[in-house]
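Subject: Structure for your review

Dear colleague,

Please find the structure below, together with its sequence.

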Amino acid sequence: MTVTTVAIIGAGLAGLNAARLLHRAGIDFHLFEARDRTGGRILTVDEMGGLAEDGFDLGPSWFWPQMHPVMAELVYELSLPFFAQYSTGDLVFERTPREIPQRVPEFAQEPSSMRIAGGTAALVRALLCDLPTERLHFGTAVTALRLTDEGIEVKAADRTITAQHVIAALPPRLFADKVTLHPAPAPRDLSRWQSTATWMAPHAKVFALYDRSFWRDAGLSGMAQSMVGPLTEIQDATTASGKAALFGFVGVPAANRAAVGDETLIHATIQQLIRLFGPEAGSPRATLVKDWARDPWTATKTDALASAHPVALGGEWVTGDWKGRLVMAGSEASPTEPGYLAGAIEASRVAVRSILL
């Protein structure tokens, strides 16, 4: 049986950063990812929906250097170019189906939202390139953890290893749903994991890709807010390389999205974009939909209902038999910025620090 010091569950931003920090410290690890790709909720794709090095972010798009210095620090350390979210021009506001959408004069965004050139997945690729490939296991879901005299028996899809510590670098609720613990976690811990909302899990994004950013020519920023829908908030998603796009967050509940299907949702979205930005919006070269509520490695059944952004509540995430052996490191477990990219970085740092002490 393989023996290691740390087993990491999840190859999103938190898991990869934890692996990087352990590797730098000379600590042996094995990282397990249920998906066949890295990134977790970070997902950058081309117009066909395939993974891309210069594409569109179906997951998190922005970071704020002034608000989240830990994120800015990592971006600078990895020498990743970034640019400001386009916001020059008027905003469009849609109040009711009976009213013509109104243009609202341009206003400055403070603090400015920043985007990584090429897409947020550039951050993932930069972290991945420093890691030993023989320690990375994709398409390998961890299903159970068992405390033994030798350490923690980590049971995965096609193997079992023994580790001294486990870093759960995935949302606490998803961890509770997917991984069985022997002995069972303390009831208080399990209740906290299950009740912690997974950020982005109930949400969906729709993109419309165009030959050019025609809304800019009309003096519009690409920003829109709607009380009609199906999109509630729309932004310019044009890439740093000039690939034109608009994207929006869907305001329709997950159950309703599943009932109507993607084709109907896309049709309604295009009609809305025509109302907001004019007839040219009716001819996208491609459309993209990502419904995170239907992603089994992001959302549980509990996540079908929209919830507020997670907040930092403090206190211990793991007590009882598993204290000191299991560490929660998903973004939602961050002591400062839960749910954000910065939260994943901070949570992974705290997790690794607790093991190195």
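This is a predicted model: local features need pLDDT of at least 70, side-chain atom pairs count only at pLDDT 80 or more; totals for chains, interfaces and linings use all residues.

Residues are numbered from 1 along each chain as its sequence is written, and side-chain values use heavy atoms, with hydrogens and water left out.

Helix α8

Helices (H or I, at least four residues) and strands (E, at least two) are DSSP runs numbered from the N terminus. Helix α8 has 16 residues and spans 23 Å from its first C-alpha to its last, close to the 22 Å expected at 1.5 Å a residue; the expected span is 1.5 Å times one less than the number of residues. Its buried residues (under 20% relative accessible area, with exposed over 50% and partly exposed in between, for a 1.4 Å probe and protein chains only) include L341, A344, I345 and V352. The buried residues of α8 pack against β1 (2–9), α1, α2 (69–77), β12 (160–168) and β19 (326–328), where contact means heavy atoms within 4.5 Å.

Two packed helices are described by the angle between their axes and the distance between the axes. Axes are lines fitted to C-alpha atoms, for helices over the stretch in contact, and angles run from 0 to 180 degrees between N-to-C directions. Angles under 35 degrees count as roughly parallel, over 145 as roughly antiparallel, 65 to 115 as roughly perpendicular and the rest as oblique.

Helix α1 (residues 13–24) meets α8 (residues 341–356) at about 40°, with the axes 8 Å apart, which makes α1 oblique to α8. On the α1 side the contact is made by L13, A14, N17, A18, L21 and L22, and on the α8 side by L341, A344, I345, S348, R349 and V352. These residues comprise nine nonpolar, two polar and one charged. Here Ala, Val, Leu, Ile, Met, Phe, Trp, Tyr, Cys and Pro count as nonpolar, Asp, Glu, Lys and Arg as charged, and the others, Gly among them, as polar.

Helices α2 and α8 pack at about 85°, again with axes 8 Å apart, and α2 is therefore roughly perpendicular to α8. In this contact V70, M71, E73 and L74 of α2 meet L341, A342, I345, E346 and R349 of α8. The residues divide into six nonpolar, no polar and three charged.

Loop residues

Q66, in the loop between β4 (56–57) and α2, is exposed at 66% relative accessible area. Q66 and P111 are 45 residues apart in sequence, yet 7.0 Å apart in space, C-alpha to C-alpha. T196, in the loop between α5 (187–195) and β14 (204–210), counts as buried at 13%. Leaving aside residues up to four places away in sequence, T196 touches P172, R173, W317 and E332.

Backbone features

Most residues other than glycine have a negative phi, and most peptide bonds are trans. M200 has a positive phi of about 85° although it is not a glycine, and is buried at 10%. A cis peptide bond joins H182 and P183, with omega about 0°. The bond from G229 to P230 is also cis, with omega near 10°.

Yours sincerely
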